Amino acid sequence: MIGSTLTLHWDRVVAMETESKVTGYLVMLKRHRYNDIHTIFTNKTTAELSLSASDNYLIQIKVLSEGGEGVGSEPIHIHKLSMGARGSGASSLRRLSCSTVLISAFFCSVW
């Protein structure tokens, strides 16, 4: 196996009347044993990540608005041996009240 592609999909978050309009999302990717965090900005509800098959990963998604970053989603753990997504399938982003982000990870190997 040379590498892997992970595609994340989540529901659009809509701000309540008293909150700042959602301007996008931050997808934060951290490799286990490394301190660097790779951050991707998107205004879509999907992101495609290239992963090394030999590392473990932690992924979180945050909502961005004029008011700043929202609280991160439940972490998604990607393990090198199983290369499956573990963690919560749904998370509430508190800064945007009851808005819910559903995160589902689809794994696709690149041979």
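Two strands pair if DSSP finds at least two bridges between them. Strands here are DSSP runs of E, at least two residues long, numbered from the N terminus. This is a predicted model: local features need pLDDT of at least 70, side-chain atom pairs count only at pLDDT 80 or more, and totals for chains, interfaces and linings use all residues. Residues are numbered from 1 along each chain as its sequence is written, and side-chain values use heavy atoms, without hydrogens and water.

Start with strand 2 (22-31). Nine bridges join strand 2 to strand 5, and the two run antiparallel. Within this pairing, V27 stands opposite I61. Strand 2 also pairs with strand 3 (residues 37-42), again antiparallel, over six bridges. There Y25 stands opposite T42. Five residues separate strand 2 from strand 3 in a hairpin, and R33 in the turn has a positive phi of about 75 degrees.

Seven of the 10 residues of strand 2 are buried, so the strand is largely enclosed by the rest of the structure. Buried means under 20% relative accessible area (1.4 Å probe, protein chains only). Y25 is buried at 3%, and W10 at 5%.

What do W10 and Y25 form? They form an aromatic pair, edge-to-face, with 5.5 Å centre to centre and 70 degrees between the planes. Such rings, of Phe, Tyr or Trp (its six-membered ring), pair if their centres lie within 6.5 Å; planes over 60 degrees apart count as edge-to-face. W10 lies in the loop between strand 1 (3-9) and strand 2, so the pair ties together parts that are 15 residues apart in sequence.

Note on methods
Phe/Tyr/Trp six-rings, centres within 6.5 Å; stacked < 30°, edge-to-face > 60°. Helix = DSSP H or I, 4+ residues; strand = E, 2+ residues; numbered from the N terminus. Buried < 20%, exposed > 50% of the residue type's maximum accessible area, 1.4 Å probe, protein only.
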